[in-house]
Amino acid sequence: MPLDTSTYNLALLRVDGRRWNELRRVHAQIRTQAAADGSSYLEMGHTKVMCVVTGPTEPGPRRGGAAAGGAGGGGVGSGGAGGKAEIVVGIVIAGFSSVDRKRYGRGDKRTLELASTVSNALAASLHTNLFPHSQINISLHVLSQDGSLLAALINAATLACVDAGIPMTDYVAACTAGSTSTYAANDEGADPLLDLNHQEEQELPGLTVATLGNSDRVAVLVCESRVQISRLEGMLAVGVDGCKQMREILDRVVREKGVRMIQEGTVEKGVGLGDIDMD
Amino acid sequence: MPREVDPSLNEKQFVTQALEENLRLDGREFDQYRPLELTFGEQYGVADVTLGKTRILAKATAEVTVPYADRPLDGIFTIATELSPMTSPSFEVNRPTETEVLLSRLLEKTVRRSGALDTESLCLVAGQKCWSVRVDVHALSHDGNLTDAACLAVVAALRHFRKPDTSMDAGVLTVYTPAEREPVPLSWLHSPFCVTWSFFGEEGETAVLDATWLEEQVRVGSCTVSLNRHGEICQIAKLGGTPVNAVVLLQCTGVALAKVKEFDELVDRRLTEDLKRRDKGGFMAELRAENDR
Amino acid sequence: MAPDGPLVLPGETIDPSLVPSHPKNPLRLGPGLRHIPPTDIVPTVAGQLITNPVKNSMWIEYNSNRYIPSPNDLILAQILRSTTDAYLCLITPYSAPATLPHLAFEGATKKTRPQLAPGQLVYARITPASANRHMDPELECVSATTGKADGLGPIGVVGTTSGSGSGSTGPGCVFDISLGFARRLLMARSREDGGVGVLEMLGGEEGGGLAFETAVGRNGRVWVGSESARTVVLVGRALQETDRAGLGMEGQRRLVKKLVREMK
């Protein structure tokens, strides 16, 4: 189904009624799984992702090769050598997550690439050098896909790592950015768009950005569509800005959960915890 | 499977330290490629790329098959990458390492998904017969920057390739041998090339092109940009690694465009040379008695 | 290759006139030659047949890719990890690790043994007792007879205090060279016998008197250290280029001059 992008110029509204710089509804929870060391659930629009973190633990028996991991999905590790914890990411994409009900096998290269990206992005933020000879297992489950999958995976993994209490430099927050009108139209007036849904992702050029905290430093930049080089700057600027918004949202989720846990008495209200300023 | 051996502490430290003093171990500038050589084989569609000590061989082939049921009007185009133990003992046949998966995805996104080859032109009879074009990429030796070399080899092989001519006459499909009719080139739309930046330093502030294997082992992050000479980005992949300032990334894309134009010229030049070499002066000249057998 | 000698192939018959005959010393066969009783001497590898009439010895000089440890070889090894009483070291990648006992350093006792991190380089000798083909080689960084390091030991990493031994400190890097070239560099008179003068030239007038130190490992690795990183890169490139292009004396002189001019 081709997306009718011509209507955008009339009302400056996108297919789902958003303006160019609006994120979709983001809903996130942490500590959803009692059994895990850290867990999270994240919705970005209709993209729904669950994440479970175990570790840092002693690595299990060595499995042959890097391509080992969660059942049905791909698993890829990074780090490991030289006194650092290895981050093993496994991604399971549920068969019912998208419209076409595709089966994703173990060796699916796209899934492996996603897993490797999440693993390498987090490796840059987590202080893995504090846990030599150990392993951090991140298991991601995709329940529903509606665009910005990689961004949702990175955000969910970050939240779960916060929940697991793994020391990290800052949040790694991700989102997507795109551009109105396709690559063929060398349209100078093309507007950048924030947070693409599935339909927009299919039709328009877009990229996924992940930044470290509030800085302009880009940890992940993935562009999989053809786009004029002149439009990269605009898209990147919008993407980085979106990541900052996303960081605020993730931060709020963590703080709200923290306050609730103190109220419920799960955590003793200690000396340091009283100083958390809520805004 | 033997594990990849890390470079020694001395090497790691020296590479980083030398880069801080604007020095690379082989004396190159930061934005300088190693000597790049491209040769074509006797057959159509064989390209051999050497980039310093890295060497890649790509071979394009075509056969007539049945198109996929969901895409009856498209031909089939696949890129197969293989990193064999010949390249490095840590690679194993039939068990793709992370390097191989990422390389094959990058080539897929750069060449196939960017629509460099017009797959509709490969269709012979809608829903029944089509060409299946396949490029096999073999890494013969690995001294870093497999991606850029492999991408160049794939593009060069496909542009050099000629598939047998065909004709449709009253519902009968005829495929001609090279002797009957001159083979025809593929319908090629644009030539994308990969340019890989490697980042060094605490905040990835030092960006270096065409890293050697040792540099690749020491780097803190990398970013592969694929462009064609018209300035269209086909894909960007910075898959994790130390965060790099967005401005630096934009500058890198700008420099990459200049490099891509150089690659494009190189491939064009080599193709013209190859054409000249093959051109024996027409059909009559080829039939002369004093020619080599 | 500088030394003269006929080229032989495996299984070839060696002309008896080439076999040195010495009145007193017994004939000694070196690498690549096999004695089939009663009188046949057959080469097992392709290479150049070298004979030494004074020592009454003969061997085959060849440039292989694979390093086979043999006793008393000086090598550059890389620490893999430490066990209770020894370090495991890699001599060549993808081969079985060699052991380097904690006490095989100059002046090392149970309390004062050097602490080496994984990945650190050591310049060591393969002990005379080990390195037969049936067991993993054992290394030592101290001479068993004198108890001195004689220049062996860990090669320092800037910012760490390396233990005993040569104690090189400045920046340094390792360069891969071919095994034949490493042997030529290690010859007692490398300029005359090996045909390698590039190091002397770099330190001499052609190179403008560069100050650097080297440690050549028979396993095809050479460490170059100097106060200035620029010099290290220059020396490393000169060595690799000489090896790759098989340069003669004149070629080496030109190369040194060219590199020095480029790197200025």
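In chain C, strand S14 (residues 213-217) and strand S15 (residues 221-225) run antiparallel and are joined by 5 bridges; two strands count as paired if DSSP finds at least two bridges between them. Helices (H or I, at least four residues) and strands (E, at least two) are DSSP runs, numbered from the N terminus. This is a predicted model, in which local features need pLDDT of at least 70 and side-chain atom pairs count only at pLDDT 80 or more, while totals for chains, interfaces and linings use all residues. Residues are numbered from 1 along each chain as its sequence is written, chains are lettered from A and ligands numbered from 1 in the order in which they are written, and side-chain values use heavy atoms, with hydrogens and water left out.

**The sheet of chain C**

Within the hairpin, Gly217(C) has Arg221(C) of S15(C) as its bridge partner, and Gly220(C), in a hairpin with 3 residues between the strands, takes a positive phi near 80°.

S13(C) pairs with S15(C) in the antiparallel sense over 5 bridges, and Gly172(C) stands opposite Gly225(C) in S15(C).

**Salt bridges**

Over all chains, 44 salt bridges are found, a salt bridge being a side-chain nitrogen of Lys or Arg within 4 Å of a carboxyl oxygen of Asp or Glu. Among them are the following pairs.

| Pair | N to O distance |
|---|---|
| Asp195(A) and Arg24(A) | 3.2 Å |
| Asp268(B) and Arg159(B) | 2.7 Å |
| Glu241(C) and Arg244(C) | 2.7 Å |

Asp195(A) lies in the loop between strand S8 (192-194) and helix H4 (198-203) of chain A, and Arg24(A) in the loop between helix H1 (6-11) and strand S1 (26-30) of chain A, so this pair ties together parts that are 171 residues apart in sequence. Both Asp195(A) and Arg24(A) are buried, where buried means under 20% relative accessible area, exposed over 50%, and partly exposed in between (1.4 Å probe, protein chains only).

In chain B, Asp268(B) sits in helix H5 (residues 246-278) and Arg159(B) in helix H3 (residues 146-160), so the bridge ties together parts 109 residues apart in sequence. Asp268(B) is partly exposed, with a relative accessible area of 29%, and Arg159(B) is partly exposed as well, at 22%.

Glu241(C) and Arg244(C) are 3 residues apart in helix H4 of chain C and are therefore separated by about one helical turn. Glu241(C) is partly exposed, with a relative accessible area of 27%, whereas Arg244(C) is exposed, at 60%.

**Chains and record**

Of the 2 pairs of chains in contact (heavy atoms within 4.5 Å), chains A and B share the most contacts. No contact joins chain A and chain C, and their closest C-alpha atoms lie 8 Å apart.

An unreviewed UniProt entry places the feature "domain: Exoribonuclease phosphorolytic" at residues 32-164 and 191-257 of chain B.

Notes:
UniProt positions are given in the numbering used here, feature names are shortened, and annotations may be inferred rather than shown by experiment.
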